[in-house]
Amino acid sequence: MDETDAFLLRERLPLLLEALQAEGYECVGPQWRDDAIVYDTLTHIDQLPRGMQVNQYPGEYCGEFHETNIRCFAWSNGPQALKPFLFAPRETLWHARRDNDGRLQFESARPEARKRAVIGVRACDLAALALQDQHFLHGRYPDPAYTARRENLLLVAVNCTHPAATCFCASTGDGPVADAGYDLVMDELDDGFMLQAGSPAGEAVLVRLRLIPMTDGHREAIDIQREQARQQSRRVPGTHLRDVLFNNLEHERWDEVAARCL
């Protein structure tokens with residue numbers, strides 16, 4: 001079966017969790033907690049925020065539960081990104097010991113990172129992660145702790161269908177559809193999920209799932225909701241942002257934003 005024809009029925013979604021665990025990954029996924037959608041350890045598929053929708057406006061974030069909505073990812077991106085899974089608040093960089101002559105000997109600490117799969121990553125998360133990778137992973141001096149965590153991180157992206165009023169990824173080319181940086185990507189429909197692999201690690205998970213061929217109806221529905229997600233009211237210039245910002249240092253909008261934050 002061609003990967004573009006891979007469709008996972010909704011009732012078989014628990015198989016995705018089982019496949020990731022079988023590959024040795026600790027699973028993390030979005031959950032509704034403390035009045036927000038946040039990432040946390042995922043041990044059962046029912047922990048996903050099924051039926052939740054989020055309304056986001058400047059200075060406002062609130063969620064609504066719709067009992068008739070059976071989707072798990074029908075919400076705009078939440079307040080938490082991938083950064084907590086790649087950076088530690090406290091990190092051991094080196095150890096020191098004295099040799100037989102009493103001199104200090106320094107040894108670099110060897111970072112340890114467990115295999116972790118994050119389900120529900122959005123295209124904007126992947127765009128931000130690419131910038132972090134550019135410096136901490138692919139730069140002249142890669143960060144060993146970041147590298148260890150990054151190489152053990154499997155990303156299951158979900159193409160966005162419900163952008164918030166504050167979203168602008170369509171204007172910058174960073175979404176709402178993920179086009180790179182993922183291991184698996186899903187498009188959610190009422191009856192299930194289209195899946196595509198983006199890496200050998202993703203393919204290893206994909207072959208463990210009981211998938212069925214997609215129908216023309218599936219493809220049409222996905223095309224429609226992708227196009228709807230691109231219709232965003234906010235737009236940010238894709239180039240020359242530096243000149244635009246520096247030419248408006250005294251704009252009254254800065255005071256409005258500052259007052260709201262304070």
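Reader: Which charged end sits over the ring of tryptophan 75?
Author: The charged end of arginine 122 does, 4.2 Å from the ring centre. A charge sits over a ring if NZ of Lys or CZ of Arg is within 6 Å of the ring centre and within 35 degrees of the ring normal. This is a predicted model, where local features need pLDDT of at least 70, side-chain atom pairs count only at pLDDT 80 or more, and totals for chains, interfaces and linings use all residues. Residues are numbered from 1 along each chain as its sequence is written, and side-chain values use heavy atoms, with hydrogens and water left out.

Reader: And what lies over the face of tyrosine 25?
Author: Lysine 115, at 4.4 Å from the ring centre.

Reader: New topic. How many aromatic pairs are there?
Author: The structure holds 7. Rings of Phe, Tyr and Trp (its six-membered ring) pair if their centres lie within 6.5 Å; planes under 30 degrees apart count as stacked, over 60 as edge-to-face and the rest as tilted. One of the pairs is phenylalanine 73 with phenylalanine 193, which is edge-to-face at 6.4 Å centre to centre, with 80° between the planes.

Reader: Why is the pair of phenylalanine 87 and tyrosine 146 tilted?
Author: Because their planes are at 50°, with the ring centres 5.3 Å apart. Phenylalanine 87 is partly exposed at 26% relative accessibility, while tyrosine 146 is buried at 1%.

Notes
Buried < 20%, exposed > 50% of the residue type's maximum accessible area, 1.4 Å probe, protein only.
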